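Please find below a short note for a reader who is new to protein structures. It should be read with the sequence and the model side by side.

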Amino acid sequence: AGGGAWGGGGRGGCGEQVRAWVVGRALSVDGSVNGRAVGLRPMAPDDVEPFVSYWHDGGAELAYLGIDPVKLGTAADTRQRFDLLVHGPRPRQALGFTITLDGRAVGFINVNILGRERGRAHFHLVDPAARRGGVMSTVLEGGLPQILERMRTESGADGLLVEIRTRNVGMNRVLQRLGHQ
């Protein structure tokens with residue numbers, strides 16, 4: 001059970017370019033989209049099964065995401081990786097966050113630190129109904145302070161590398177608008 005399935009950088013699974021954003025400053029926002037509350041909290045044990053299901057029961061479009069099914073491994077392998085996001089030893093080498101919409105888990109962020117100066121973040125909305133409605137943009141705008149603070153206190157990492165596929169124009173525009181490089 002390796003962590004390679006969630007690695008990233010450079011090119012996606014279809015030879016597609018990935019844009020890496022260096023995030024070093026925190027921003028805040030009201031945390032709502034169309035009158036619905038968007039939240040970000042540390043990943044909890046009850047969040048793990050739906051996220052494992054996303055990867056192994058057809059919710060994640062593995063080819064689109066550039067995920068090698070062999071590296072992804074079994075559901076047990078993925079569960080073990082998520083368990084480390086929830087219960088990992090200190091100093092933390094990886095952190096997990098749950099994205100909520102009106103209090104219901106709709107996605108996750110995993111931040112891999114692995115002794116690096118900057119964490120590497122991967123964002124996934126597991127509920128298709130939460131996509132294309134501004135939820136992830138709100139998380140990027142308002143959740144980065146929480147992620148950065150937790151990284152600093154639990155791992156000593158100081159900065160975040162967010163990798164977004166170049167074809168994800170909306171996410172790249174949000175990061176550019178927020179002044180990240």
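Predicted model: local features only at pLDDT ≥ 70, side-chain atom pairs only at ≥ 80, totals over all residues.

1. Which residues of H4 are buried? They are Thr78, Arg81, Phe82, Leu85 and Val86. Because these residues cover an arc of only 145° around the axis, they lie on the same side of H4. The elements that the buried residues of H4 pack against are helix H1 (48-56), helix H3 (69-72), strand S4 (94-101), strand S5 (104-112) and helix H5 (135-155).

2. Strand S5 has a partner in S4, to which it is joined by eight bridges in an antiparallel arrangement. Within this pairing, phenylalanine 97 stands opposite isoleucine 109 of S5. The two strands form a hairpin with two residues between them, and aspartate 102 in the turn has a positive phi of about 55°.

3. Strand S5 also pairs with S6, again in the antiparallel sense, over six bridges. Isoleucine 109 has phenylalanine 123 as its bridge partner in S6. The hairpin of S5 and S6 has six residues between the strands, and leucine 114 there takes a positive phi near 45°.

4. How many salt bridges does a search of the whole structure find? The search finds four. Side chains of opposite charge can pair when their charged atoms come close. One of the salt bridges joins aspartate 47 to arginine 41, with the closest N and O atoms 2.7 Å apart. Aspartate 47 counts as buried because its relative accessibility is 6%, whereas arginine 41, at 29%, counts as partly exposed.

5. Another salt bridge brings together the side chains of arginine 79 and glutamate 49, at 2.4 Å from N to O. Arginine 79 belongs to helix H4 and glutamate 49 to helix H1, so the pair ties together parts that are 30 residues apart in sequence. Arginine 79 is partly exposed, at 28% relative accessibility, and glutamate 49 is partly exposed with a relative accessible area of 42%.

6. Aspartate 127 and arginine 104 form a further salt bridge, in which the closest N and O atoms are 2.8 Å apart. This pair links distant parts of the chain, 23 residues apart: aspartate 127 is in the loop between strand S6 (119-125) and H5, and arginine 104 is in strand S5. Aspartate 127 counts as buried at 15% relative accessibility, while arginine 104 is partly exposed at 42%.

7. The aromatic side chains deserve a separate point. Six aromatic pairs are found in a search of the whole structure. In one of them, the ring centres of phenylalanine 51 and phenylalanine 82 are 5.8 Å apart and the planes are at 40°, so the pair is tilted. Phenylalanine 51 lies in helix H1 and phenylalanine 82 in helix H4, so this pair ties together parts that are 31 residues apart in sequence. Both phenylalanine 51 and phenylalanine 82 are buried.

8. Phenylalanine 51 also forms a tilted aromatic pair with phenylalanine 108, at 5.0 Å centre to centre and 45° between the planes. Because phenylalanine 108 lies in strand S5 and phenylalanine 51 in helix H1, the pair ties together parts that are 57 residues apart in sequence. Phenylalanine 108 is buried as well. Ring pairs link Phe51, Tyr54, Trp55, Phe82 and Phe108 into a cluster.

Methods:
Residues numbered from 1 in each chain as written. Heavy atoms only, no water. Buried < 20%, exposed > 50% of the residue type's maximum accessible area, 1.4 Å probe, protein only. Helix = DSSP H or I, 4+ residues; strand = E, 2+ residues; numbered from the N terminus. Arc of directions from axis to C-beta. Contact = heavy atoms within 4.5 Å. Pairing = 2+ DSSP bridges. Phe/Tyr/Trp six-rings, centres within 6.5 Å; stacked < 30°, edge-to-face > 60°.
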